[in-house]
Amino acid sequence: MNGGKDSFKNRILDHFFEPIMEEEDTEVSSENHTVEYNNDDTELRVEPVIVDDELTTVKEPTIISAQTVIRGNIMAENDVEISGEVIGDVSADGLVKVLGGKITGNIKALKILIKNSRIQGYLDSEGFIDIIDDSEIIGDITGGDIVVDSKCEGNIVARERLKLLQNANIHGDLQTKIIKIDEGAIVEGRLRMS
């Protein structure tokens with residue numbers, strides 16, 4: 001047998017069908033099912049996975065790797081992970097993770113995680129924004145729940161909760177319903193509780 005061809009065929013079958021191991025001998029109609037045999041002659045019945053008349057796809061994240069520079073805006077319907085540099089705005093329907101990257105532009109997403117990165121532009125999220133591990137933000141920040149453990153120059157509006165960890169260094173006004181400030185955090189600005 002051709003091992004490469006069979007392997008490709010099995011990957012295709014596994015992608016579109018759900019394998020079920022058969023323990024007893026049963027007759028299977030070829031109209032509804034495909035019957036395959038493993039190398040040890042055990043029967044493997046493969047049944048189609050039923051999806052409500054629509055093809056569903058798993059949305060893989062868009063990844064901008066280190067050493068990559070993008071000049072222009074990014075608009076994604078999925079998650080975005082940036083380790084390189086973006087000169088332009090980033091907009092995503094999912095999570096935007098900036099891990100050791102640099103962005104000169106605004107970020108608008110459902111959730112935002114900034115780790116060991118530099119951002120010059122505003123951050124806007126309906127969900128959480130986490131800014132950690134020696135990051136630097138120059139611009140306003142608006143989100144639901146916000147955690148800061150880095151340097152931020154700009155106003156911060158947390159619609160629900162704001163948590164400033166020990167390495168937070170904030171130069172700007174703060175507005176939130178609930179705030180927690182750890183020992184060691186620095187704030188130069190006004191606080192408005194709403």
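Modeller: Start with a definition: a polar contact is a pair of N or O atoms within 3.5 Å, one able to donate a hydrogen and the other to accept it. Bear in mind that this is a predicted model.

Biologist: Which backbone oxygen does the side chain of asparagine 78 reach?

Modeller: That of glutamate 60, at 2.3 Å. The side chain of asparagine 78 also makes a polar contact of 3.4 Å with the side chain of threonine 62.

Biologist: Where is asparagine 78 placed, and is the residue buried or exposed?

Modeller: Asparagine 78 sits in the loop between S6 and S7. Buried means under 20% relative accessible area. Asparagine 78 has 14%, so it counts as buried. Beyond four places in sequence, its contacts are Lys59, Glu60, Pro61, Thr62, Ala92, Asp93 and Gly94.

Biologist: Now serine 83. Where does that residue lie?

Modeller: In the loop between S7 and strand S8 (85–87). Its relative accessible area is 22%, so serine 83 is partly exposed.

Biologist: Which residues does serine 83 touch beyond four places in sequence?

Modeller: Ile64, Ser65, Ala66, Leu99, Gly100 and Gly101. A polar atom of the serine 83 side chain lies 3.2 Å from the backbone oxygen of leucine 99. The C-alpha atoms of serine 83 and glycine 100 are 5.2 Å apart, although 17 residues separate the two along the chain.

Biologist: How do I read the secondary structure of the protein chain?

Modeller: Count the elements, then look at the pairing. The protein chain has 1 helix and 23 strands. Strands of a sheet pair through backbone hydrogen bonds, either parallel or antiparallel. Here 8 strands form an open sheet with parallel pairing, in the order S5-S8-S10-S12-S15-S17-S19-S22.

Biologist: Which strands are the edges of that sheet?

Modeller: Strand S5 (69–71) and strand S22 (186–188), each of which pairs on one side only. Neighbouring strands of the sheet are turned by 5° against each other on average, direction ignored.

Biologist: How many bridges join S19 to S22?

Modeller: There are 3, and the two strands run parallel. S19 covers residues 169–171. Histidine 171 stands opposite glutamate 188 in S22.

Biologist: What share of the 194 residues in the protein chain is buried?

Modeller: 31%. The protein chain exposes about 12,400 Å², with carbon and sulfur atoms supplying 47% of that area. Finally, among contacts with a separation of 6 or more, residues 24 or more positions apart account for 5%.

Methods: Residues numbered from 1 in each chain as written. Predicted model: local features only at pLDDT ≥ 70, side-chain atom pairs only at ≥ 80, totals over all residues. Heavy atoms only, no water. Helix = DSSP H or I, 4+ residues; strand = E, 2+ residues; numbered from the N terminus. Buried < 20%, exposed > 50% of the residue type's maximum accessible area, 1.4 Å probe, protein only. Contact = heavy atoms within 4.5 Å. Areas by Shrake-Rupley, 256 points an atom, 1.4 Å probe, with all protein chains shown as cover. Pairing = 2+ DSSP bridges. Axes fitted to C-alpha atoms, helices over the stretch in contact; angles between N-to-C directions.
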